[in-house]
Structure formats: structure tokens, C-alpha cells
Amino acid sequence: MSSPSATGARPNGAPVRPDFERVALLLQGGGALGSYQAGVYQALAEAGLHPDWVAGISIGAINSALIAGNPPERRVERLRTFWETVTEPPLGLHPLRGYKITDDFVHMMINQWRSVGTLMWGAPNFFTPRVPPPVFTPLGTPDVLSFYDVAPVKALLEKLVDFDRINGKDTRFSVGATNVKTGNFIYFDNTTHKIGVQHVIASGSLPPGFPATEIDGEYYWDGGVVSNTPLQWVLDARPRLDTLAFQVDLWSARGALPRDMIEVDVRMKDIRYSSRTRAGTDQFRRMQAVRRAAAKILADMPSEVRQSPEAELLAQEADTKVYNIIHTIYRAQSYEGSSKDYEFSRRTMSEHWESGYNDMQLTLRHPEVLQRPESPDGVFTFDLAVQGRESKEAKK
């Protein structure tokens, strides 16, 4: 798969960087759905849009590590290696390989059977069943209270990720986790922490499937227990910079009313793990309008008023920076069901990857995505499922 650069090109063929001080890639958690993010990144890389900051939760943290922990020319290859490795079938057989499934019911049954296999045998090179299961060892330390052992993915990440590169800070790197005792959310960031594989594993330690991860005497669970998206962490960062943010969500907050109990479970997961990203974006837009208004008022103030304590406090929040927030949201197929986040088949992984790649290619065909916003609040948001469809209709 290949595409021309969405950013234009210099005479020597190199892509032209968009007119933003920062390009950020923000990756939600979502288990097996994470290969969608890998496809999105492939399209961004082919367009020459290499992020300055990668932030993730859970599977988004793993994809973030594979990106920040490798040179740009090897990132897609490393993502591909990871996703092909963890989608090897538990029993070493690829059923129906090469067979095109055209019936949604058949597709659903195959996916359900594969997810049952994941529950029973785990996903090789990712997690394996804990023997004996924790119900037979009711008392124990948090790092063994889980149904699966994550030692395989830890070893795989140590092989595929250069943590010295991450700690070299060429690319800013952040992953979110939840302190089990305090319930507080924390970001492990390479500007404040020396990042190791344990920080990435902690971000994806979703109970009761996976155990808590110990770091410096504290135990951490998956960041998605509190918030499944790193959007606010990046937008609130100081110093503020003109930012082009690609927010890749694996759960859609919007959806149809459920018609059966399976759809009830699917809808509940979508709402819970979407983490209200649209609400967060709307709130940020309102705050940014206030900050820009404050900057304008301060500029018009007499100098003696500008030196007052109240004006100095206002100046701390005043801001004229601009932000493009580009949402790319995976929208599951009807046959995927409530097991979509733990259905680790090779076929489904490839479907998710291709979907992410195609969605980002379509997004980058809209030139306004990479242009500085001209709105009064300095914030532009884009969602392919909304603006992309409207633009297509307008052309008709």
C-alpha cells in the first residue's frame, strides 16, 4: 500500500512539514483493535507525518512504544512484526486462510470461535493462561492476581523496542496508568521518567485478565480504568505549542440503540472506553476561546494595568496558539460483537489494519486537515465519518 505525500513536497522530494510546532499522535486502548492504529500510522508515515509526541493508553501504549522506540524507517516494519507475532493461532493452525467470508453470520461465528480460543489458550507471544487460575490461590501479591500471564508480551517488547531511543527524547513519549492503591491516574513520560518496558506493561494491565505491574514499590493497573484517551494530557501540556493532533480512537461514542443482549454489551463497552473524547474536545475548544480572548484583552490593556497581580494571573492562561484535532475512529462491523477487543485472529488483525490505513488516507485527502485553523477560537476538529461524508455530499 502506498500513497503520495499529503503534505506536499520540496524540490528534492522530501515532504513539507505542516505549519505546526508540534505533531502529536494519541492512541486509545482497545486490545485486539489496536492494529487499526498501526494502519493509521502507516498512512501517516507514508505521508511524511512523523509525530514529535506519541501518547497512548493500554494497547495504544504498546503501539506508542513500537513507534517512539524505533527509527522512522523501521516503525511500520516493527508494528507489523508485533501484530503478526501476537496473532499467531494458539494451536499453530490458520483456519480458512485465504477463504473470503461474504456472509456476516458466518463471519460472526468464526470470530466468536476465535475469541473463545483466546479465552481458553490466550494469545501466543502476548499472554498465556495462568496455571493454576487465581480462584485456587485467593491470597497473593497483586502481580499474580490475574487470569493471564503477560511475560510473553514483555519479552516481545524488549526485543522490538529500543528503550534507549525512547529515553533519548527524540520523540516525546507518554503512557497512562492507574495507581491501584490511590486510584490516581499517572502518566509515565520520558521528560520526567526513565522509561522501561514495565511502564508500557503497566499501562495495559487491565484486571482481572492481566495482573497489576509493580514500579518503584507501587502497583499499577491499565490507564483505561480511569481514562482511556491521552487527549487532555497532550492539550494541557506546557509550554503550549501550535499543535496538529491525530487522535486515534478504537471505540465509538456514537452508535445505534441495542436490539439484543450482545449489542447491549457492545454498546456499553463503546461508551465506557470512548472516554468522552468529543466532550473533552468541546471543553478544550471553549477554554481555548477564553484564553485567546484573554490574550487580546491583555494586549489592549494600559501597561500599568497589565502589571497588576490580576492581569499577571490572567497572562498565565492567555494563549494565541492554534490546534487541529483530527479524530480517526474505528467503527466496528456488525459481525464483530462484544469480543472484538480480544479476538486476536490474523484475519481480523489484517482487516483492522487495512481499515485504519484507508481511513487515514481518506482523511489526508482533505487539505484543511493540515492547514492552520482560521476560526476565532483557534481550534479545528475533523472527523472523517462526519466532515468527510459532508464534503463528499457537497461535491455531488
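Modeller: A few words on sorting residues, to begin: Ala, Val, Leu, Ile, Met, Phe, Trp, Tyr, Cys and Pro count as nonpolar, Asp, Glu, Lys and Arg as charged, and the others, Gly among them, as polar. This is a predicted model, where local features need pLDDT of at least 70 and side-chain atom pairs count only at pLDDT 80 or more, while totals for chains, interfaces and linings use all residues. Residues are numbered from 1 along each chain as its sequence is written, and side-chain values use heavy atoms, with hydrogens and water left out.

Biologist: OK, how many cavities of 30 Å³ or more are there?

Modeller: There is 1, and the volume of the largest cavity is about 40 Å³. A cavity here is a set of points on a 1 Å grid over the protein atoms alone where a 1.4 Å probe fits but cannot get out, and lining residues have an atom within 4 Å of a point. The volume is the space filled by probe spheres set on the points, which are joined across faces, edges and corners.

Biologist: Which residues line the largest cavity?

Modeller: Its lining is made up of D249, W251, S252, A253, T277, R278, I329 and R331, and by type they come to 3 nonpolar, 2 polar and 3 charged.

Biologist: Switching topic, how many helices and strands does the chain have?

Modeller: The chain has 14 helices and 11 strands, where helices (H or I, at least four residues) and strands (E, at least two) are DSSP runs numbered from the N terminus.

Biologist: Is strand 5 mostly covered or mostly uncovered?

Modeller: Strand 5, residues 172-179, is mostly covered, with 7 of its 8 residues buried; buried means under 20% relative accessible area, exposed over 50%, and partly exposed in between, with a 1.4 Å probe and protein chains only. Across the chain of 396 residues, 49% count as buried.

Biologist: And in which sense does strand 5 pair with strand 2?

Modeller: Strand 2, residues 53-57, pairs with strand 5 in the parallel sense over 5 bridges, and V54 stands opposite F173 there. Two strands pair if DSSP finds at least two bridges between them. Strand 6, residues 185-189, pairs with strand 5 in the antiparallel sense, also over 5 bridges, with G176 opposite Y187. Strand 8, residues 218-222, is likewise antiparallel to strand 5, over 3 bridges, and there T178 faces W221.

Biologist: What about G183, in the hairpin of strand 5 and strand 6?

Modeller: That hairpin has 5 residues between the strands, and G183 takes a positive phi near 75°.

Biologist: Which residue other than glycine has a positive phi near 70°?

Modeller: That is K169, in the loop between helix 6 (163-167) and strand 5, and K169 counts as partly exposed because its relative accessibility is 48%. S58, which is not a glycine either, has a positive phi of about 60° and lies in the loop between strand 2 and helix 2 (59-68). At 11% relative accessibility, S58 counts as buried.

Key: 1 Å grid on protein atoms, 1.4 Å probe; cavity = no way out; pocket = protein on both sides within 12 Å on 5 of 7 lines; lining within 4 Å.
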